[in-house]
Amino acid sequence: MEKFRMFFQHFQSSSESVMNGICLLLAAVTVKLYSSFDFSCPCLARYNALYGLGLLLIPPLGLFLCGLLANRQSVVMVEEWCRPAGQRRKDPGIIRYMCSSVLQRALAAPLIWILLALLDGKCFVCAFSSSMDPEKFLDFANMTPSQVQLFLAKVPCKEDELVRDSPARKAVSRYLRCLSQAIGWSITLLLIVVAFLARCLRPCFDQTVFLQRRYWSNYVDLEQKLFDETCCEHARDFAHRCVLHFFASMQSEMRARGLRRDPEPPEMPNGLDGDGSRKAHLRAVSSREQVDRLLSTWYSSKPPLDLVASPGPWACGLNHRAPTGAPGTRLSQHTDL
C-alpha cells in the first residue's frame, strides 16, 4: 500500500506522466469505441458519402477536443499567451513548445480512429462507392447510367437483393477496401518514419534551445500548480484563524454578559492556531482586501524570474504591516553555499 501511494504521488507530481497516461487512456477508449460501433451504411447515393466521411472525420474531431480539454497544459498555454506581460516578458518559443506538446498528445486518439477506419475499410467503401468509375469494371456494360448509380450505391449493403452474390459488387468492394487499407498503411508508415527521424536526428543538433524551452514550459506549469496549492493552504489557514477568532470573540462577549463563569483568558487572534510551523508570508495576508490585491497582482504582474534582484513592490506591496527584512538583505545571502 505504501509503494502504491508513493507511485501515485510521483505520478501526480509529474505533469508529463499524467498527460501521457491520459493520452494512452484516450487511445484505449478510441479502440474500444470503434470495435463496439455498429456500422450501417444507408446505401443511398445522396447520403453514402456524407455518412462515410462523417463517420471518418467527426469522431476524431470530438476526440481531439477531448484531448485538448483533458490536457492541463492547454489551459496553461492559453493563460501564458493571454496574460499581461507585467514584470515578466512572454517568450513565443515557450508558447510554441507547449502548443506542440499539447497537439502531439491531442492528435493521438484521432489518428488511431482514422487509421482503424481506413484499415477496416467500411467507411471508405460507403463514402466512395457511388463515385466509382464504372468503366473500370466489365460487369456494368449492360446497365443504364441510372442502374449503375443505384447499383454502386448498394455496394456497401451486401445483403441487399440487388447486389447479393453479384461479382460486380465484390469487385468494387474489394477495390475500395484495398485502396483504403493502402492509404491507412501508408499513413502508418509515414508516421513511424517521421517519429523515427525525429528521435534519431534530434541529438545531432544543438539541444540548448530545446532544453531551455522544455525547462521553462515545465516551470510555467509547476509554478501555476504550486500557486494554486499555496492558495489552498492559505485559504485553509485563513478560514481556521477566522473561525477561532469568532469563537474567541464569542467567549469575550459571553463573559461580559455573565454567561460564562470560568475565568479562562481569551486567546489572542495572532496565536489562535498554535502552529509554529506556519509560514510567515502566508499569515501576513490576513484580510480580504489583501487577498484580492495578491490575486490581482499575480494575474496582472507576475514576479520577474530573478531571485537575486531587488524584491521591489513584492516585499511590502500587499500589507504595510507585514514584517520585512533589512534594507540591504537579499535572497542570495541565504542561498549561497
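Which residues is Ser180 in contact with, once its neighbours within four places in sequence are left aside? I looked this up first, taking contact as heavy atoms within 4.5 Å, and found Ala117, Leu118, Gly121 and Phe124.

Before going on I noted that this is a predicted model, in which local features need pLDDT of at least 70 and side-chain atom pairs count only at pLDDT 80 or more, whereas totals for chains, interfaces and linings use all residues. Residues are numbered from 1 along each chain as its sequence is written, and side-chain values use heavy atoms, with hydrogens and water left out.

I placed Ser180 in helix α9, helices being DSSP runs of H or I with at least four residues and strands runs of E with at least two, numbered from the N terminus. Ser180 is buried, since its relative accessible area is 0%; buried means under 20%, exposed over 50% and partly exposed in between, with a 1.4 Å probe and protein chains only.

Just after α6, Gly121 takes a positive phi of about 90 degrees.

**The whole chain**

I counted 13 helices and 0 strands. Of the 337 residues in the chain, 28% are buried, and residues 24 or more positions apart account for 72% of the contacts with a separation of 6 or more.

**Transmembrane annotation**

I checked the UniProt record, an unreviewed entry, which places the feature "transmembrane region" at residues 21-37, 49-70, 106-130 and 182-201; its positions are given in the numbering used here, feature names are shortened, and annotations may be inferred rather than shown by experiment. Over residues 49-70 the model is 100% helix and 0% strand, with the end C-alpha atoms 32 Å apart. Over residues 182-201 it is likewise 100% helix and 0% strand, and there the end C-alpha atoms are 28 Å apart.

**Nonpolar cores**

I then looked at the nonpolar cores, each a set of buried Ala, Val, Leu, Ile, Met, Phe, Trp, Tyr and Cys residues joined through side-chain atoms within 4.5 Å. The largest has 24 residues, of which Phe140, Leu152 and Val172 touch the most other members. Helices α2, α3, α6, α7, α8 and α9 each supply at least two residues of this core. Leaving aside neighbours within four places in sequence, I found Phe140 in contact with Pro134, Val148, Phe151, Leu152, Ala168 and Val172. Apart from this core lies another, of 6 residues, among them Val76, Met77, Ile94 and Val220.

**Helix α5**

At the start of α5, I noted a side-chain oxygen of Asp91 within 3.0 Å of the backbone nitrogen of Gly93.

**Cys43**

Last, I looked at the loop between α2 and α3, where Cys43 lies. Phi of Cys43 is near 55 degrees, a positive value in a residue other than glycine, and Cys43 counts as buried because its relative accessibility is 3%. Most residues other than glycine have a negative phi.

Conventions. A polar contact is a pair of N or O atoms within 3.5 Å; within protein, one must be able to donate a hydrogen and the other to accept it, and residues adjacent in sequence count only if both atoms are side-chain atoms.
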